[in-house]
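Morning, everyone. I'll talk about pockets today. Please have a look at the sequence and the model first.

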Amino acid sequence: MPGGLLTIDLAAIVSNWRALDAKTADTVETGAVIKADSYGLDVGPVGQALQNAGAKTFFAALADEGVALRQAIGPTARIFVFSGYMQGDESAFGEFALTPLLNSTDQAARFLTDRKGAACGLQLDSGMNRLGMESAELASIAAQIPALNPILIMSHLACADEPKHPQNTAQLAAFTEMVTKLPDCNRSLSATGGILLGSDYHMDMTRPGIGLYGGAPFIDARPVVTLSLPVIQTRPVAVGESVGYGAAWIAKRPSVIATVAAGYADGLIRAMGPNASLYTGDTRCPIVGRVSMDLITVDVTDLAKVPASLDILNATQTVDVLAKAAGTIGYEILTSLGNRYKRVYKD
Ligand SMILES: *Cc1c(COP(=O)(O)O)cnc(C)c1O
(Lines give C-alpha, C1' and ligand atoms only; values in the text may rest on other atoms or scores of the structure.)
Protein backbone atom coordinates (compact mmCIF):
# COMPACT_ATOMS: atom_id res chain seq x y z
CA MET A 1 0.00 0.00 0.00
CA PRO A 2 1.32 3.45 -0.84
CA GLY A 3 1.80 6.00 1.91
CA GLY A 4 -0.08 9.18 1.18
CA LEU A 5 -2.37 10.21 -1.64
CA LEU A 6 -1.10 13.28 -3.54
CA THR A 7 -3.79 14.86 -5.68
CA ILE A 8 -2.56 17.31 -8.31
CA ASP A 9 -5.19 19.61 -9.78
CA LEU A 10 -4.15 20.15 -13.40
CA ALA A 11 -7.15 22.43 -13.97
CA ALA A 12 -5.84 24.68 -11.19
CA ILE A 13 -2.38 24.78 -12.83
CA VAL A 14 -3.97 25.76 -16.16
CA SER A 15 -6.14 28.34 -14.44
CA ASN A 16 -3.08 29.83 -12.69
CA TRP A 17 -1.20 29.97 -16.03
CA ARG A 18 -4.17 31.78 -17.64
CA ALA A 19 -4.46 34.18 -14.69
CA LEU A 20 -0.77 35.11 -14.95
CA ASP A 21 -1.09 35.40 -18.73
CA ALA A 22 -4.01 37.80 -18.25
CA LYS A 23 -1.77 40.09 -16.15
CA THR A 24 0.33 40.95 -19.19
CA ALA A 25 -0.59 42.55 -22.52
CA ASP A 26 -1.66 40.37 -25.45
CA THR A 27 1.70 41.05 -27.10
CA VAL A 28 3.55 39.39 -24.20
CA GLU A 29 3.95 35.63 -24.41
CA THR A 30 3.56 33.66 -21.17
CA GLY A 31 5.94 30.71 -20.99
CA ALA A 32 5.98 28.00 -18.34
CA VAL A 33 8.88 26.90 -16.14
CA ILE A 34 8.91 23.12 -15.64
CA LYS A 35 12.29 22.67 -13.95
CA ALA A 36 12.71 20.04 -11.20
CA ASP A 37 9.99 17.87 -12.74
CA SER A 38 7.51 20.73 -12.76
CA TYR A 39 8.33 21.70 -9.18
CA GLY A 40 7.95 18.09 -8.11
CA LEU A 41 4.51 17.58 -9.68
CA ASP A 42 5.61 15.56 -12.77
CA VAL A 43 6.54 17.19 -16.02
CA GLY A 44 4.55 14.72 -18.16
CA PRO A 45 0.96 15.48 -17.14
CA VAL A 46 1.78 19.08 -16.23
CA GLY A 47 3.51 19.79 -19.56
CA GLN A 48 0.66 18.22 -21.52
CA ALA A 49 -1.99 20.20 -19.63
CA LEU A 50 -0.15 23.49 -20.17
CA GLN A 51 0.45 22.78 -23.84
CA ASN A 52 -3.24 21.93 -24.30
CA ALA A 53 -4.08 25.23 -22.62
CA GLY A 54 -1.98 27.11 -25.17
CA ALA A 55 1.53 27.33 -23.70
CA LYS A 56 4.07 27.29 -26.53
CA THR A 57 7.33 27.96 -24.69
CA PHE A 58 8.76 26.03 -21.76
CA PHE A 59 11.86 26.48 -19.61
CA ALA A 60 13.84 23.63 -18.04
CA ALA A 61 16.85 23.96 -15.71
CA LEU A 62 18.75 21.01 -17.19
CA ALA A 63 18.90 19.44 -20.63
CA ASP A 64 17.63 16.13 -19.19
CA GLU A 65 14.49 17.88 -17.99
CA GLY A 66 14.01 19.31 -21.47
CA VAL A 67 14.32 15.80 -22.91
CA ALA A 68 11.66 14.48 -20.49
CA LEU A 69 9.31 17.30 -21.47
CA ARG A 70 9.95 16.80 -25.19
CA GLN A 71 9.09 13.11 -24.83
CA ALA A 72 5.84 14.04 -23.06
CA ILE A 73 4.58 16.83 -25.32
CA GLY A 74 5.93 16.12 -28.79
CA PRO A 75 7.78 18.29 -31.29
CA THR A 76 5.87 21.58 -31.44
CA ALA A 77 6.76 23.62 -28.37
CA ARG A 78 9.98 25.57 -27.86
CA ILE A 79 11.99 24.24 -24.89
CA PHE A 80 14.70 26.50 -23.45
CA VAL A 81 17.36 25.24 -21.05
CA PHE A 82 18.58 27.64 -18.33
CA SER A 83 21.86 25.84 -17.70
CA GLY A 84 22.74 26.53 -21.33
CA TYR A 85 25.05 24.46 -23.49
CA MET A 86 26.73 22.30 -20.85
CA GLN A 87 29.53 19.91 -21.60
CA GLY A 88 28.22 16.37 -21.86
CA ASP A 89 24.73 17.47 -22.95
CA GLU A 90 25.66 18.37 -26.55
CA SER A 91 23.81 15.59 -28.36
CA ALA A 92 20.51 16.23 -26.54
CA PHE A 93 20.13 19.69 -28.08
CA GLY A 94 19.92 18.39 -31.63
CA GLU A 95 18.21 15.12 -30.92
CA PHE A 96 15.42 16.64 -28.82
CA ALA A 97 15.31 20.13 -30.35
CA LEU A 98 16.25 21.96 -27.14
CA THR A 99 17.31 25.60 -27.11
CA PRO A 100 20.16 26.53 -24.77
CA LEU A 101 20.21 29.86 -22.95
CA LEU A 102 23.95 30.44 -23.30
CA ASN A 103 25.36 31.89 -20.12
CA SER A 104 29.11 32.18 -20.66
CA THR A 105 31.52 33.06 -23.45
CA ASP A 106 32.79 29.50 -23.30
CA GLN A 107 29.30 28.09 -23.88
CA ALA A 108 28.81 30.53 -26.77
CA ALA A 109 32.07 29.47 -28.42
CA ARG A 110 31.34 25.76 -28.08
CA PHE A 111 27.81 26.23 -29.37
CA LEU A 112 29.07 28.06 -32.46
CA THR A 113 31.60 25.33 -33.14
CA ASP A 114 29.08 22.51 -32.77
CA ARG A 115 25.72 23.93 -33.75
CA LYS A 116 26.10 27.18 -35.72
CA GLY A 117 22.74 28.09 -37.24
CA ALA A 118 20.70 26.29 -34.56
CA ALA A 119 18.46 28.35 -32.29
CA CYS A 120 19.87 29.73 -29.03
CA GLY A 121 19.18 32.39 -26.45
CA LEU A 122 21.50 34.53 -24.33
CA GLN A 123 21.38 34.80 -20.58
CA LEU A 124 22.66 38.03 -19.07
CA ASP A 125 23.60 38.84 -15.50
CA SER A 126 21.81 42.05 -14.53
CA GLY A 127 22.86 41.88 -10.89
CA MET A 128 21.96 38.53 -9.35
CA ASN A 129 25.45 37.12 -9.98
CA ARG A 130 24.24 33.59 -10.45
CA LEU A 131 24.00 32.77 -14.17
CA GLY A 132 24.58 34.80 -17.30
CA MET A 133 27.10 37.00 -19.05
CA GLU A 134 28.12 40.43 -17.80
CA SER A 135 28.71 43.45 -20.05
CA ALA A 136 32.43 42.84 -20.42
CA GLU A 137 31.87 39.22 -21.44
CA LEU A 138 29.24 40.27 -23.98
CA ALA A 139 31.68 42.83 -25.37
CA SER A 140 34.35 40.15 -25.72
CA ILE A 141 32.09 38.06 -27.99
CA ALA A 142 30.51 41.01 -29.84
CA ALA A 143 31.88 39.75 -33.15
CA GLN A 144 30.21 36.35 -32.71
CA ILE A 145 26.78 37.62 -31.69
CA PRO A 146 25.45 38.00 -35.27
CA ALA A 147 26.40 34.36 -35.93
CA LEU A 148 24.73 33.25 -32.70
CA ASN A 149 21.60 35.08 -33.87
CA PRO A 150 19.79 34.69 -30.51
CA ILE A 151 16.01 34.33 -30.47
CA LEU A 152 15.63 35.31 -26.80
CA ILE A 153 17.69 37.44 -24.44
CA MET A 154 16.89 37.00 -20.79
CA SER A 155 17.93 37.82 -17.25
CA HIS A 156 16.56 36.95 -13.81
CA LEU A 157 15.51 39.15 -10.89
CA ALA A 158 16.90 38.40 -7.44
CA CYS A 159 14.30 40.25 -5.35
CA ALA A 160 11.06 40.21 -7.38
CA ASP A 161 9.07 38.83 -4.44
CA GLU A 162 9.78 42.10 -2.60
CA PRO A 163 8.12 44.76 -4.80
CA LYS A 164 9.79 47.69 -3.03
CA HIS A 165 13.30 46.26 -3.11
CA PRO A 166 15.59 48.74 -4.93
CA GLN A 167 17.35 45.88 -6.71
CA ASN A 168 14.28 45.42 -8.95
CA THR A 169 14.59 48.81 -10.63
CA ALA A 170 18.39 48.51 -10.65
CA GLN A 171 18.23 45.18 -12.50
CA LEU A 172 15.57 46.52 -14.88
CA ALA A 173 17.85 49.44 -15.73
CA ALA A 174 20.94 47.24 -16.06
CA PHE A 175 19.17 44.75 -18.36
CA THR A 176 17.64 47.52 -20.48
CA GLU A 177 21.08 49.08 -20.90
CA MET A 178 22.78 45.77 -21.77
CA VAL A 179 20.26 44.78 -24.44
CA THR A 180 20.61 48.07 -26.36
CA LYS A 181 23.85 46.75 -27.84
CA LEU A 182 22.35 43.40 -28.81
CA PRO A 183 20.29 42.25 -31.78
CA ASP A 184 16.59 43.00 -31.77
CA CYS A 185 14.88 39.81 -30.54
CA ASN A 186 12.52 38.81 -27.75
CA ARG A 187 13.46 39.95 -24.22
CA SER A 188 12.50 38.27 -20.95
CA LEU A 189 13.14 39.40 -17.39
CA SER A 190 10.27 38.14 -15.25
CA ALA A 191 9.37 34.99 -13.39
CA THR A 192 6.20 34.93 -11.23
CA GLY A 193 7.36 37.78 -9.01
CA GLY A 194 8.33 40.00 -11.94
CA ILE A 195 4.93 39.56 -13.59
CA LEU A 196 3.37 41.01 -10.43
CA LEU A 197 5.76 44.01 -10.49
CA GLY A 198 3.92 45.47 -13.48
CA SER A 199 4.24 46.05 -17.20
CA ASP A 200 7.74 47.61 -17.14
CA TYR A 201 9.02 44.16 -16.29
CA HIS A 202 7.00 42.12 -18.80
CA MET A 203 8.91 42.78 -22.06
CA ASP A 204 8.16 40.07 -24.70
CA MET A 205 8.10 36.84 -22.71
CA THR A 206 7.45 35.89 -19.08
CA ARG A 207 8.67 32.78 -17.28
CA PRO A 208 6.34 31.89 -14.39
CA GLY A 209 7.03 28.80 -12.33
CA ILE A 210 5.83 28.79 -8.72
CA GLY A 211 2.69 30.78 -9.52
CA LEU A 212 1.50 28.00 -11.83
CA TYR A 213 1.90 25.50 -9.00
CA GLY A 214 -0.09 27.54 -6.51
CA GLY A 215 2.65 29.27 -4.52
CA ALA A 216 3.63 32.74 -3.30
CA PRO A 217 4.29 35.40 -4.41
CA PHE A 218 1.17 34.76 -6.57
CA ILE A 219 -1.14 34.94 -3.55
CA ASP A 220 -4.28 34.72 -5.73
CA ALA A 221 -3.18 31.37 -7.16
CA ARG A 222 -5.56 28.44 -6.94
CA PRO A 223 -4.10 25.74 -4.65
CA VAL A 224 -2.84 22.84 -6.73
CA VAL A 225 -1.94 20.02 -4.33
CA THR A 226 -3.84 18.04 -1.71
CA LEU A 227 -1.93 15.49 0.33
CA SER A 228 -3.84 12.95 2.44
CA LEU A 229 -2.01 10.62 4.81
CA PRO A 230 -3.61 7.36 5.94
CA VAL A 231 -4.00 6.76 9.67
CA ILE A 232 -2.18 3.53 10.53
CA GLN A 233 -3.28 3.32 14.15
CA THR A 234 -4.88 5.33 16.94
CA ARG A 235 -4.05 5.01 20.63
CA PRO A 236 -5.11 6.56 23.92
CA VAL A 237 -2.28 8.31 25.78
CA ALA A 238 -2.59 9.01 29.50
CA VAL A 239 -1.57 12.25 31.24
CA GLY A 240 2.22 12.29 31.63
CA GLU A 241 2.96 9.79 28.84
CA SER A 242 5.19 10.95 26.00
CA VAL A 243 4.90 10.54 22.23
CA GLY A 244 7.69 9.99 19.71
CA TYR A 245 11.48 10.40 19.56
CA GLY A 246 13.12 12.29 22.37
CA ALA A 247 9.85 12.07 24.35
CA ALA A 248 9.46 15.62 23.10
CA TRP A 249 5.69 15.83 23.70
CA ILE A 250 4.00 14.89 26.94
CA ALA A 251 0.22 14.57 27.30
CA LYS A 252 -1.31 17.19 29.59
CA ARG A 253 -4.79 15.68 29.25
CA PRO A 254 -6.02 12.19 28.39
CA SER A 255 -5.35 12.20 24.64
CA VAL A 256 -5.98 10.23 21.49
CA ILE A 257 -3.01 10.10 19.12
CA ALA A 258 -3.24 9.03 15.48
CA THR A 259 -0.11 7.84 13.67
CA VAL A 260 -0.10 8.61 9.92
CA ALA A 261 2.02 7.10 7.17
CA ALA A 262 4.48 9.75 5.98
CA GLY A 263 7.46 11.58 7.40
CA TYR A 264 10.55 13.54 6.56
CA ALA A 265 11.60 10.95 3.97
CA ASP A 266 8.52 12.10 2.05
CA GLY A 267 9.47 15.78 2.14
CA LEU A 268 7.51 16.56 5.29
CA ILE A 269 10.34 18.47 6.82
CA ARG A 270 11.19 17.56 10.41
CA ALA A 271 11.49 21.21 11.42
CA MET A 272 7.76 21.82 10.86
CA GLY A 273 6.88 19.42 13.71
CA PRO A 274 5.60 21.63 16.48
CA ASN A 275 4.05 24.27 14.18
CA ALA A 276 2.02 22.33 11.63
CA SER A 277 -1.25 20.46 11.77
CA LEU A 278 -3.19 17.90 9.84
CA TYR A 279 -6.79 18.45 8.83
CA THR A 280 -10.00 16.57 8.42
CA GLY A 281 -12.14 18.94 6.41
CA ASP A 282 -11.66 22.31 8.16
CA THR A 283 -10.88 20.77 11.55
CA ARG A 284 -7.29 21.20 12.67
CA CYS A 285 -5.43 18.41 14.46
CA PRO A 286 -1.97 19.49 15.72
CA ILE A 287 1.15 17.45 15.07
CA VAL A 288 2.57 16.27 18.41
CA GLY A 289 6.10 15.04 19.01
CA ARG A 290 8.83 14.84 16.42
CA VAL A 291 8.27 14.03 12.76
CA SER A 292 9.96 10.66 12.09
CA MET A 293 11.23 9.33 8.77
CA ASP A 294 8.00 7.55 7.84
CA LEU A 295 5.52 8.54 10.53
CA ILE A 296 3.86 11.58 12.04
CA THR A 297 1.83 11.59 15.26
CA VAL A 298 -1.25 13.78 15.48
CA ASP A 299 -3.52 14.84 18.35
CA VAL A 300 -7.03 13.75 17.35
CA THR A 301 -8.51 13.89 20.88
CA ASP A 302 -11.15 16.43 19.88
CA LEU A 303 -12.51 14.48 16.91
CA ALA A 304 -15.79 12.61 17.39
CA LYS A 305 -14.52 9.95 14.97
CA VAL A 306 -11.01 9.45 13.61
CA PRO A 307 -11.13 9.41 9.79
CA ALA A 308 -9.22 6.91 7.63
CA SER A 309 -6.84 9.69 6.53
CA LEU A 310 -5.83 13.22 7.47
CA ASP A 311 -4.72 16.00 5.09
CA ILE A 312 -1.40 17.78 5.50
CA LEU A 313 -1.79 19.94 2.37
CA ASN A 314 -5.16 21.35 1.42
CA ALA A 315 -6.81 24.66 0.56
CA THR A 316 -6.31 25.85 4.18
CA GLN A 317 -2.81 24.54 4.88
CA THR A 318 -1.28 25.43 1.51
CA VAL A 319 2.34 24.80 0.54
CA ASP A 320 3.17 28.31 1.79
CA VAL A 321 1.53 27.78 5.18
CA LEU A 322 3.32 24.46 5.64
CA ALA A 323 6.56 26.04 4.47
CA LYS A 324 6.24 28.77 7.07
CA ALA A 325 5.81 26.16 9.82
CA ALA A 326 9.10 24.60 8.70
CA GLY A 327 10.97 27.89 8.21
CA THR A 328 11.22 27.47 4.44
CA ILE A 329 9.43 28.44 1.22
CA GLY A 330 6.63 26.78 -0.77
CA TYR A 331 9.10 25.96 -3.56
CA GLU A 332 11.01 23.65 -1.20
CA ILE A 333 7.87 21.90 0.08
CA LEU A 334 6.74 21.16 -3.49
CA THR A 335 10.10 20.01 -4.82
CA SER A 336 10.67 17.80 -1.75
CA LEU A 337 7.41 15.83 -2.09
CA GLY A 338 8.60 12.26 -2.19
CA ASN A 339 7.93 9.46 -4.61
CA ARG A 340 6.23 7.18 -2.06
CA TYR A 341 2.89 8.91 -2.61
CA LYS A 342 0.24 7.60 -4.93
CA ARG A 343 -0.30 10.44 -7.36
CA VAL A 344 -3.68 11.27 -8.85
CA TYR A 345 -4.11 13.94 -11.53
CA LYS A 346 -7.42 15.81 -11.67
CA ASP A 347 -8.42 17.57 -14.92
C1 LIG B 1 13.07 29.19 -11.48
C2 LIG B 1 13.21 30.27 -12.50
C3 LIG B 1 12.06 30.91 -13.00
C4 LIG B 1 10.69 30.68 -12.41
O5 LIG B 1 10.66 31.32 -11.15
P6 LIG B 1 9.36 31.34 -10.22
O7 LIG B 1 9.74 32.21 -9.10
O8 LIG B 1 9.14 29.94 -9.80
O9 LIG B 1 8.23 31.86 -11.04
C10 LIG B 1 12.23 31.79 -14.05
N11 LIG B 1 13.46 32.08 -14.54
C12 LIG B 1 14.59 31.49 -14.06
C13 LIG B 1 15.89 31.84 -14.65
C14 LIG B 1 14.49 30.59 -13.02
O15 LIG B 1 15.61 30.03 -12.53
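Which helix gives the most to the lining of the largest pocket? H10 does, with 3 residues. Keep in mind that this is a predicted model.

Now, that largest pocket. Its volume is about 730 Å³. The elements giving two or more residues to its lining are helix H2 (35-40), helix H10 (192-197) and helix H12 (330-336). In total, 38 residues line the largest pocket. Nearest its centre you find Lys35, His156, Leu157, Ala191 and Tyr331.

On to the second largest pocket. Here the space is about 160 Å³. Strand E11 (225-237), strand E14 (255-260) and strand E17 (296-299) are the elements that each give two or more residues to the lining of this second pocket. E11 gives the most, with 3 residues.

How many residues line the second largest pocket? The number is 13. Val243, Gly244, Thr259, Leu295 and Thr297 are the ones nearest its centre. By class, the lining of the second largest pocket splits into 6 nonpolar, 5 polar and 2 charged residues.

One last point, on how we find such spaces. A probe the size of a water molecule is rolled over the atoms, and that shows where empty space is left.

Notes
Residues are numbered from 1 along each chain as its sequence is written. This is a predicted model: local features need pLDDT of at least 70, side-chain atom pairs count only at pLDDT 80 or more; totals for chains, interfaces and linings use all residues. Side-chain values use heavy atoms; hydrogens and water are left out. On a 1 Å grid over the protein atoms alone, a cavity is a set of points where a 1.4 Å probe fits but cannot get out, and a pocket is an open set with protein on both sides within 12 Å along at least five of seven lines; lining residues have an atom within 4 Å of a point. Grid points are joined across faces, edges and corners, and a volume is the space filled by probe spheres set on the points. Helices (H or I, at least four residues) and strands (E, at least two) are DSSP runs, numbered from the N terminus. Ala, Val, Leu, Ile, Met, Phe, Trp, Tyr, Cys and Pro count as nonpolar, Asp, Glu, Lys and Arg as charged, and the others, Gly among them, as polar.
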